[in-house]
Amino acid sequence: MSEVVAALKVSPLFSGFTDTGLTILAGICVPRAYPAGSPLFVESMVSDAMLVLVDGRVALTSTGPRGEALALGEVGFGDWLGELSLINPGQRLCTATALTPVWAYEIRHADFQKLIGQKPQACIKLLMAICTSVAQKVTENRDALKALVARQ
């Protein structure tokens with residue numbers, strides 16, 4: 001359990017958490033390993049878990065209008081993916097592919113929902129961190145979104 005707590009502690013998403021809060025969330029984390037070249041998830045598949053990356057690099061891509069892969073960026077140590085699935089499972093918005101061997105901790109939507117009833121304070125804190133993260137990403141990409149809208 002202390003390994004999971006240590007891994008969560010280095011992720012900016014969990015920066016405001018106490019050790020107790022991290023221990024509560026660590027209780028529902030499942031370790032996952034992905035060999036280089038394998039998908040962590042694929043665009044449009046069911047989104048039912050988030051991942052916190054402990055080791056490795058992951059490429060994010062999306063399918064373009066002609067079926068081509070569009071590079072969206074890379075993530076690595078301490079980053080997280082699929083956080084919106086804890087709020088509302090849906091479809092993955094992109095494909096995440098391991099560029100190197102990847103080690104991650106998975107938090108499944110169903111486990112998180114059960115934990116909300118048992119330890120709501122830790123869960124609400126994570127949900128607020130997710131909302132803050134999404135708001136920051138929208139703000140950072142506002143100009144790009146305006147440019148896309150202007151082209152249409």
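Mentor: A residue counts as buried when its relative accessible area is under 20%, as exposed when that area is over 50%, and as partly exposed in between. Please keep in mind that this is a predicted model. Ser44 has a relative accessible area of 43%, so this residue is partly exposed. Its backbone deserves attention: Ser44 is not a glycine, yet its phi is positive, at about 75°. Ser44 is placed in a loop, with strand 2 (39-41) on one side and strand 3 (46-47) on the other.

Arg92 lies over the face of Phe41, 4.0 Å from the ring centre. Elsewhere, the charged end of Lys125 sits over the ring of Phe17, at 5.7 Å from the centre of that ring.

Trp103 counts as partly exposed because its relative accessibility is 35%, whereas Tyr105 is buried, at 5%.

Let us now turn to the chain. The protein chain has 5 helices and 10 strands. Its radius of gyration is 16 Å, close to the 15 Å that the globule rule gives for 152 residues, so the chain is as compact as a globular protein of that length. Buried residues account for 38% of the 152 residues. Of the contacts between residues at least 6 apart in sequence, 73% join residues at least 24 apart.

Technical notes: Residues are numbered from 1 along each chain as its sequence is written. This is a predicted model: local features need pLDDT of at least 70, side-chain atom pairs count only at pLDDT 80 or more; totals for chains, interfaces and linings use all residues. Side-chain values use heavy atoms; hydrogens and water are left out. Buried means under 20% relative accessible area, exposed over 50%, partly exposed in between (1.4 Å probe, protein chains only). A charge sits over a ring if NZ of Lys or CZ of Arg is within 6 Å of the ring centre and within 35 degrees of the ring normal. Helices (H or I, at least four residues) and strands (E, at least two) are DSSP runs, numbered from the N terminus. The radius of gyration is taken over C-alpha atoms; the globule rule is 2.2 Å times the number of residues to the power 0.38. Contact means heavy atoms within 4.5 Å.
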